[in-house]
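Colleague: I would like to go through this model one feature at a time. Please give the general idea first and then the case at hand.

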Amino acid sequence: MLSVANLSIEYQNKTVVDGLTLELAQGEIFALLGDSGSGKSSTLRFIAGLDNTKQGSVELDGVRLSDHGQHIVAPESREVGMVFQDYALFPHMSVFKNVSFGINHLPKSDQKKRVSELLSMVGLQGSEDKYPHQLSGGEQQRVSLIRALAPAPKILLMDEPFSSLDVNHRQQLTLQVRQILKETNTTSILVTHDRDEANTLADRVGKIKHKQLTLV
Amino acid sequence: MEKHCFKSKIWISIVALLVAMPIFVVAFSWALPEHELWAHFSENILSDLISSTLILLLGVGVGVTLLGTVLAYLVVMVEFPGRKWLEWALFLPFAIPAYVLAFVYLGVFDYSGYAQVWMREVLGLPGFDIRAGSWAIILTFVLVFYPYVYMMTRASFKRQKVSMIEAGKLLGASPIRVFFKISLPLARPAAAAGLLVTLMETLADFGVVSLFNYDTFTTAIYSAWGDFRSIEVAAQLASLLVLVAFFLIYFEKKARGQAKYYSADVTNKKPYHATGVIAWLISLFVFGVFMLSFAMPMLQLVIWGWSSVADEWSAKYIDLITSTSILTITAALITVALATVLALPGRCKQASIWLKSVIRLATLGYALPGSVMAVGLLYGINQVSLINIHFGGESINHIIYGSIALLLFAYVSRFMAIAYSSIEASAQQIKPVYTQSARLLGASRMRLVWQVYLPMMTPGILAGGLLVAVDVMKELPATYLLRPFGWDTLAIQVYELSAEGLYERAAVPALMMVIFGSILMLIFQRLDKKSSKGL
Amino acid sequence: MSIKTLVSSTIVFSVLAGSATMSAQASSSFNSQDDSVTVYSSRKEHLIKPLFEAFTKDTGTKVEYLTGKGGALIERLKLEGANTKADMFMTVDAGNLWYAGSQDLFQSVQTETLKSNIPAYLRDPQGLWTGLSIRARTIVYNTDRVKPEELSTYADLATDKWKGKLCLRTSKKVYTKSLVSSLIYHHGKDKTADIVKGWVDNLAATPNAKDSHVMSAILSGQCDVGLVNTYYFGRLIEKNPTAPLKIFWANQDTTGVHVNVSGAGVTKHASNAKGATQLLEWLSSAKAQAIYGSLNKEYPANQNVASDDVVSAWGSFKQDDMNLSQAGILQADGVKLMQIQGYR
């Protein structure tokens, strides 16, 4: 499904990842561990097409997205979903507007149906008209997750999505997210520094160590 | 992506270069040197003018920074009696044109003004020449221009997390230390932006300095033009002003440094509650500034206006108000629209030194005195007419001369900096992660702009638009020179009457301007409250 | 306000402004074809409007006008060239009139009516402009502290006895410039430089922005004497008849009081030169000249018209007979000299 080959990343003029290779199967959940500055977030952002890098290629569902560290397909055309560390919900849009942002090409009634389904999936049914600042951290996190899932992306990328939640919430939500990802059969990569979280959520866990990916 | 950049480069360049047209005209004046007049100026007056200008800039700069930031800090961080309405009342001096404030102050505090008469006759103090030296004019400018710094630092203080201040408190820092060590450094970019606007206004001012008969660099510009009939030397001198503005902008950028100020949540919780005597002292101070900069001059205008409104009021005022409103609103909308084009976040802009430079160029017009700007435009149009473009059988300059388009052009060129700095500040607060998530959700550039950027920039766009509107309403020299028949404004009426010493009658249109401006500030207040809730 | 409203209102307003421009355009081009006269004036609106209204009433010809600062309007006329809508340019100060003439902005108009109404020395020799009112710039003093016997000439105000007692208007005002030009004409540059230096040394306060401020300063005791145009004095006395302030006719034993004119000329590219000439002749008529005097307490240029009552009360005086174009020719020298002597 996803294949990343020969990826090299520089961070503050130092090579932190050198020749990384990663293959994911359809529906597989992969967790990427690493210390801060180890290049794990940059790897994710390269897959998303946000930052260029020195060397590397990305192929998704048989389509070449990036080659030689340069992006061939722009982020908006990649069908890649991403959950950011601080959720990045648009503060001026309601929950409905946020979640339907990526599916605005659908007829309005379909959008409504889809958003309502997704909201019930994460236990937030009826929250369509709320604004992000009216939601708790955990709720925002869940909205951000279903916003990314709404267009049914080929792959979901999560950059430390649980880091700003308290411990109790975190565990519960991690399990819930795993369940949702499995239900929707979404291929995903989770970037985290928390080994427990990685083990709970992912099918497979890797760690960036000495500039290389090692499976744990 | 390459293609996308090419297109946006073309667009931004066209807008920016058009807006910067008067700057080019002024710069081209160097092609016509005039040695004799330069010799006279540099030998006899320039050194004095430069030092008096520097003194003025220094005094006004220090003054507005201190007053503006302290007021903003008090109003945002401290709870004291009357805080709520004073927070908004402190914006009101924006509505008073600088020259109106100057003539009121002189009327009250000059040797023959009743404040000094009272001092001499009742207190027995010796009289003094208030216009001697530079302290009085500095004080006047500070009271007129502090709202720029106040406005920008207030917004910045509002974004500071209360928890941060509380952390400082718990570490044992006094309120004053918290101000200097935590809040002020964080508000530095905002203060610098306000300071920049103030200094450029001061540089370009002619009304206040001529009432005080204080010589600045603009005096030399007017002397070259008015006394020696040399528009070339006037333009050359003006281009030096632009150069100074350029350096000011450069230093402001430096002062901002790498500081990117993304918005935190706006809360209305006050970390400090003043009580007892201190609370009343703070109230007294803030109220005093309001009195001096707004209430007292207003009262004077009302007294003057009351005695003359019967003589002065006529149907003509309907026309004056109509044309003032149309010019003000149209100019503000056009300026804001163009400034938004220039300020929209974009990948191409970040990478392109060319784009950054043309945008800078487009904001330099603020340092040009209005009349120089106007003549620059007329000159530019004259050059165009040499190419002799014909338009529907009529030569193009025949259409442009004395048309409202030329005047609007001048307003846009002159006030672009105001709109741009406000809108750009709000664009800077859009975290890159919003762009990224919108793009990953498949949004085109169009959707990104319309659904993400513009709504998030709305507070800055509104603030910029209102500031431009107030400035256009107050603008005099360019309006006086470029307006078409039948487009007299309230500012022109004020000038015509006060130039003849008819202050009582001039108070009538002046009051109308203040009311008009106050309404605009009130609208601003409502929108600001609304938008800070939404974001 | 949402962005959409903002954008749509931008469009609406742009269209509105555009159509306003068009209609302004249309109406003015219409006007240039009918018989109305268009005037650029640096005389303030409240001083010219009653005159133009009376003219329209007498002749049926409409007058459109645009006020502005003299120098700026000259610049606008120059830049507009043949495209100008102005048929007449009206301004104060002979220096400005002379300069507009020297820039080829006027056409020659020498009709019998003008010749019989206005004496030759108030008209341009080539007929480019015509003086329409006379203003005298002379000494004003506080009657409580100064005896008229102490006063004599402009130059006398530069002597030590007036140290700390003199108030002057700023050197940037055209009336000051013309006065100093006349001093250069009579005394030469060196002597004039000494006079100006003496004035500056005698100043009790920073030069004032306006003549009315000079008189307030004298009234309040900041200084004892000053120099003003008589009509400013006239306005003050009308409002405050008991003010201890009087004017003194300067230089009566020597060159006479410095006088200046306000005047007008028909523009070179006038589209309605005939109407403009008619207006100019009408302005020189006894009727218009009387209005001039009563509106602004000036002296009529038409010698057959008596001054306003208030003005006549100040008595007659000897005028400086310097050809007024000298005020324009010597102005640059005068300004340089004042700048060198530190007269702000």
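Predicted model: local features only at pLDDT ≥ 70, side-chain atom pairs only at ≥ 80, totals over all residues.

Colleague: Where in chain C is D308(C) found?

Modeller: D308(C) sits in the loop that runs between β9 (299–300) and α12 (309–312) of chain C.

Colleague: Is D308(C) buried or exposed?

Modeller: The cut-off for buried is under 20% relative accessible area. D308(C) has 19% relative accessibility and therefore counts as buried. With neighbours within four places in sequence left aside, D308(C) touches G293(C), S294(C) and K297(C).

Colleague: Next, the nonpolar cores. Which residues of the largest one touch the most other members?

Modeller: In soluble globular proteins, nonpolar side chains tend to be buried together. In this model the largest nonpolar core has 237 residues, and I189(A), L237(B) and V452(B) touch the most other members. Helix α22 (residues 445–474) of chain B supplies the largest share of this core, 16 residues. A second, separate core has 76 residues, among them I74(C), A136(C), L166(C) and V214(C).

Colleague: What does L237(B) touch?

Modeller: If residues up to four places away in sequence are not counted, the list for L237(B) includes W38(B), F41(B) and L46(B), together with F217(B), A220(B), I221(B) and A224(B).

Colleague: Now the sheets. What is the strand order in the open sheet of chain A?

Modeller: In a regular strand the side chains alternate between the two faces of the sheet. The open sheet of chain A has five strands in the order β2-β1-β4-β5-β6, paired antiparallel. At its edges are β2 (14–24) and β6 (70–71) of chain A; each has a single partner strand, so one side of each lacks a neighbour in the sheet.

Colleague: How many bridges join β1 and β2 of chain A?

Modeller: Seven bridges join β1(A), residues 2–11, to β2(A), and the two run antiparallel. Y11(A) is opposite K14(A) of β2(A). Helix α1 (residues 40–48) of chain A packs on this sheet and touches β1, β2, β4 (55–60), β5 (63–67) and β6 of chain A. The direction of α1(A) makes about 125° with that of β1(A).

Colleague: And the hairpin of β10(A) and β11(A): how many residues lie between the strands?

Modeller: Two residues lie between them, and H210(A) in the turn has a positive phi of about 50°. Strands β10 (residues 204–209) and β11 (residues 212–215) of chain A pair antiparallel over four bridges, with K209(A) opposite Q212(A).

Colleague: Last, the whole chains. What radius of gyration would a compact globule of 535 residues have?

Modeller: The rule gives near 24 Å, and chain B, with 535 residues, has 24 Å, so the two agree. The C-alpha trace of chain B spans about 75 × 70 × 50 Å along its principal axes. Chain B has 25 helices and four strands, and 63% of its 535 residues count as buried.

Colleague: Which chains share the most contacts?

Modeller: Chains B and C do, of the two pairs of chains in contact. Chain A and chain C have no contact; their closest C-alpha atoms lie 11 Å apart.

Conventions: Residues numbered from 1 in each chain as written. Chains lettered and ligands numbered in written order. Heavy atoms only, no water. Core = buried A, V, L, I, M, F, W, Y, C linked by side-chain atoms within 4.5 Å. Buried < 20%, exposed > 50% of the residue type's maximum accessible area, 1.4 Å probe, protein only. Contact = heavy atoms within 4.5 Å. Pairing = 2+ DSSP bridges. Axes fitted to C-alpha atoms, helices over the stretch in contact; angles between N-to-C directions. Rg over C-alpha atoms; globule rule 2.2 N^0.38 Å.
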